[in-house]
Amino acid sequence: FAKHLGDYAPPFSTNIDTALRTFLKSESRSMRIAAFPLVSHYERDGDYAVELKALRRTLLAELEKEKVKDEDRNAYITTLMTVEAMWPETISRLDALIEHGASKDVQKHIITELGKTTSPLAAAVLLRNFSKFNTENKQLAVGTLLKRGDWALGLLSLVEQKRIPVNDLGVQTPGRLLTHP
């Protein structure tokens, strides 16, 4: 539901306000975290500012903990990336995760989540960290970068500057580039 709030969220009402406040006061930490994108969507006049600030701090702290299971880290990434207003800060944190040696599975999830954005920061993170990806994740990153014209041009620019070796693009990429609009 949180991933498609812009398409399916009902208009704000007192019933929704009551439900949001119930989520935020839940004893379940998982419930409060899961409610973060929903509450962020309906935040207008600072009514939930204190709770959102605390949840934001919790999510970002959990994202950066060393001893977090990959599946939990991926869930935090997905939750944070559903809040567009937080993209600059979240993408910066994802960049740092890759820089500090995130696992292949977490890298794959980051690439996938960055591909869902329109932020130029996402392309910059993918390009800056391209050499840190394994072969499979490099292919995923190339596919992600080729989805948007300006991102694809950024990739080609780095290849031209020899900052990304042509061999790292994989066997199919040259053919894809020849037919790319």
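A salt bridge is a side-chain nitrogen of Lys or Arg within 4 Å of a carboxyl oxygen of Asp or Glu. The views below come from a predicted model.

**Figure 1. Glutamate 113 and lysine 116 form a salt bridge.** The closest N and O atoms of glutamate 113 and lysine 116 are 3.1 Å apart, inside the 4 Å limit. Glutamate 113 has a relative accessible area of 5% and is therefore buried. Lysine 116 has a relative accessible area of 48%, so lysine 116 counts as partly exposed. In general, side chains of opposite charge can pair when their charged atoms come close.

**Figure 2. Arginine 93 and glutamate 64 meet through their side chains in a salt bridge.** The N to O distance is 3.0 Å. This pair links distant parts of the chain, with arginine 93 in helix α6 (residues 87–99) and glutamate 64 in helix α4 (residues 49–64), 29 residues apart. Both ends are partly exposed: arginine 93 has a relative accessible area of 23%, and glutamate 64 has one of 42%. A search of the whole structure gives 10 salt bridges.

**Figure 3. Aspartate 95 forms a salt bridge with arginine 128.** The closest N and O atoms of the two residues lie 3.0 Å apart. Aspartate 95 belongs to helix α6 and arginine 128 to helix α8 (residues 120–128), so that the pair links distant parts of the chain, 33 residues apart. Aspartate 95 counts as buried because its relative accessibility is 14%, under the 20% limit. Arginine 128 is partly exposed, with a relative accessible area of 48%.

Figure 4. The buried residues of α4 are Leu52, Leu55, Leu59, Leu60, Glu62 and Leu63. An α-helix has 3.6 residues a turn, so residues three or four places apart point the same way. Val50 and Lys53 are exposed on the other side of α4. The cover over the buried residues of α4 includes α2 (14–24), α3 (29–42), α5 (70–81) and α6. With 16 residues at 1.5 Å a residue, α4 should span 22 Å; the end C-alpha atoms are 23 Å apart, which agrees.

**Figure 5. Phenylalanine 36 is a member of the largest nonpolar core.** This core holds 51 residues. Phe36, Ile77, Leu94, Ile110, Leu114, Leu155 and Ile164 touch the most other members. The largest share of the core, 6 residues, comes from α3. Leaving aside neighbours within four places in sequence, phenylalanine 36 is in contact with Leu52, Leu55, Arg56, Leu59, Thr79, Leu80, Val83 and Met86. Among these contacts, Leu52, Leu55 and Leu59 are also buried residues of α4. In soluble globular proteins, nonpolar side chains tend to be buried together.

**Figure 6. Asparagine 137 is buried in helix α9.** Helix α9 covers residues 135–145. The relative accessible area of asparagine 137 is 2%, under the 20% limit, so the residue counts as buried. Not counting residues up to four places away in sequence, asparagine 137 touches Lys104, Gln107, Lys108 and Ile111.

**Figure 7. Glutamine 161 lies in a loop between two helices.** The helices are α10 (149–160) and α11 (173–179). Glutamine 161 is partly exposed, with a relative accessible area of 43%. From glutamine 161 to threonine 18 the distance is 56 Å, C-alpha to C-alpha, and the two are 143 residues apart in sequence.

Figure 8. Of its 181 residues, 41% count as buried. The C-alpha atoms fill a box of roughly 55 × 35 × 20 Å, taken along the principal axes. Among contacts between residues at least 6 apart in sequence, 60% join residues at least 24 apart. The accessible surface comes to about 10,500 Å², and 53% of this surface belongs to carbon and sulfur atoms.

Key: Residues are numbered from 1 along each chain as its sequence is written. This is a predicted model: local features need pLDDT of at least 70, side-chain atom pairs count only at pLDDT 80 or more; totals for chains, interfaces and linings use all residues. Side-chain values use heavy atoms; hydrogens and water are left out. Helices (H or I, at least four residues) and strands (E, at least two) are DSSP runs, numbered from the N terminus. Buried means under 20% relative accessible area, exposed over 50%, partly exposed in between (1.4 Å probe, protein chains only). Contact means heavy atoms within 4.5 Å. The expected span of a helix is 1.5 Å times one less than its number of residues. A nonpolar core is a set of buried Ala, Val, Leu, Ile, Met, Phe, Trp, Tyr and Cys residues joined through side-chain atoms within 4.5 Å. Accessible areas come from the Shrake-Rupley method with a 1.4 Å probe; for residues, only the protein chains shown count as cover.
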